[in-house]
Amino acid sequence: MTDLPPFLLSRDRILHGLSANDLAKRVRSGALVRVRHGVYVDGPRWRAMKPWQQYRVRVQAAGETFEKPTIFARHSSASVWDIPFIGQNHPVQALTLKNDGGRSRAGVSRHFASRAGLRAVKLEGLLVTDRVRTVLDLAAFSPFAEAIAPLDHVLRPDPARQLPALTKAVLEAGIGQIYSAAAARRIRTAIAFADPASASAGESWSRALIHVAGFEPPVLQHRFTDAGGLVGYSDFYWKESGIVGEFDGEEKYVKPEFLKGRTTSESVVDEKKRENRLRSLGFRVERWDWADLTVAGTLERKLAAAGVGRRRTRSAVFDAQDRL
């Protein structure tokens with residue numbers, strides 16, 4: 001269960017001995033934050049949250065105010081499932097069964113969905129699309145580079161929620177007749193590229209951007225050794241270029257599953273030692289972080305400057321028996 005802050009609902013303010021004026025004063029002082037009309041949370045706790053955590057709170061707050069059953073979808077469903085996605089400014093998204101083109105109101109975008117094949121799951125007090133429909137919708141209606149992180153995630157087991165990995169066959173079967181031909185093509189292209197070997201959303205987004213930029217596909221999680229034994233596993237490795245790529249996400253230095261009993265400072269020192277050992281083996285190590293991914297073209301320029309090779313066009317591929 002996601003650890004969400006308690007809500008203070010304006011309709012319940014009398015129970016707390018508060019007037020409308022009291023709520024307004026607390027918002028102005030920063031003690032409270034209004035996350036949507038009629039829903040407030042503790043100000044300091046809100047400001048301590050990451051953007052994706054704040055988004056999850058907005059989804060839950062919408063659920064608190066809707067009077068009719070509502071199925072949350074796309075990024076909103078993904079946030080409830082703890083499926084990572086790219087971007088921070090998505091609206092709360094829900095489905096409508098009325099084929100009127102959908103509509104947006106009160107900070108919620110509604111998208112038409114046919115009842116046929118629609119499966120909703122009750123999770124954390126909300127109705128959401130199931131995991132398959134959630135990631136397929138994101139693949140259908142997001143840019144290719146943003147569609148990969150959710151797909152990579154569901155191809156791995158989710159120990160936190162005790163969910164098994166989905167297979168590509170299951171994802172393909174979920175397309176059915178739900179989507180247009182163009183959307184189905186986008187989904188299949190993303191599924192074909194998806195790879196559970198990417199260990200984080202940042203690695204998935206990096207890999208997708210690398211592909212879109214036309215670079216040679218890197219080897220994921222390549223094992224390196226030297227005279228001292230195991231050096232470690234790289235996020236990305238280009239053998240022909242002799243380049244190791246590392247995405248420096250925050251989780252590498254703060255999450256327990258990555259720290260493995262070490263402090264953050266010990267993890268930073270260990271990472272530096274590992275990089276030095278890789279350099280001693282003759283490899284160039286190129287590092288990037290979230291900021292490099294969010295500014296268009298930054299990662300491409302870094303890798304091009306480092307010497308990562310581009311994919312060859314089909315017309316340039318021939319073997320020794322071919323003649324020009």
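The exercises below, each with a worked solution, go through one predicted protein model.

Residues are numbered from 1 along each chain as its sequence is written, and side-chain values use heavy atoms, with hydrogens and water left out. In this predicted model, local features need a pLDDT of at least 70 and side-chain atom pairs count only at pLDDT 80 or more, while totals for chains, interfaces and linings use all residues.

**Exercise 1. Describe the protein as a whole: how many helices and strands are there, and what percentage of the residues is buried?**

Begin with the secondary structure, where helices (H or I, at least four residues) and strands (E, at least two) are DSSP runs numbered from the N terminus. On this basis the protein has 14 helices and 13 strands, and its C-alpha trace spans about 80 × 50 × 35 Å along the principal axes.

Next comes burial, for which a residue is called buried under 20% relative accessible area, exposed over 50%, and partly exposed in between, with a 1.4 Å probe and protein chains only. Of the 324 residues in the protein, 44% are buried.

Finally, take the contacts, which means heavy atoms within 4.5 Å. Among contacts with a separation of 6 or more, 56% are made by residues 24 or more positions apart.

**Exercise 2. Locate threonine 129, decide whether it is buried or exposed, and list what it touches.**

Threonine 129 lies in strand 9, which covers residues 126–129. This strand is joined to strand 4 (residues 71–72) by two bridges in a parallel arrangement, where phenylalanine 72 has valine 128 as its bridge partner. Strand 9 also pairs with strand 8 (residues 120–123) over four bridges in the antiparallel sense, and there lysine 122 has leucine 127 as its partner.

Threonine 129 counts as buried because its relative accessibility is 0%. Leaving out residues up to four places away in sequence, threonine 129 touches Ile71, Phe72, Ala73, Ser77, Trp81, Leu95, Leu118, Arg119 and Thr134.

**Exercise 3. Explain why helix 6 is described as largely enclosed, and name helices that cover it.**

Helix 6 runs over residues 144–154, and nine of its eleven residues are buried, so the helix is largely enclosed by the rest of the structure. Among these buried residues are Ile148, Pro150, Leu151 and His153.

The cover over the buried residues of helix 6 includes helix 5 (131–141), helix 7 (168–175), helix 8 (181–193) and helix 9 (201–212).

**Exercise 4. Which residues have the most contacts inside the largest nonpolar core, and what else belongs to a separate core?**

A nonpolar core is a set of buried Ala, Val, Leu, Ile, Met, Phe, Trp, Tyr and Cys residues joined through side-chain atoms within 4.5 Å. The largest such core has 58 residues, and Leu171 and Trp288 have the most contacts inside it. A second, separate core of ten residues includes Leu9, Val41, Trp46 and Met49.

To see the surroundings of tryptophan 288, set aside residues up to four places away in sequence; those that tryptophan 288 touches then include Phe236, Trp238, Phe247, Leu293 and Leu303.

Key:
Pairing = 2+ DSSP bridges.
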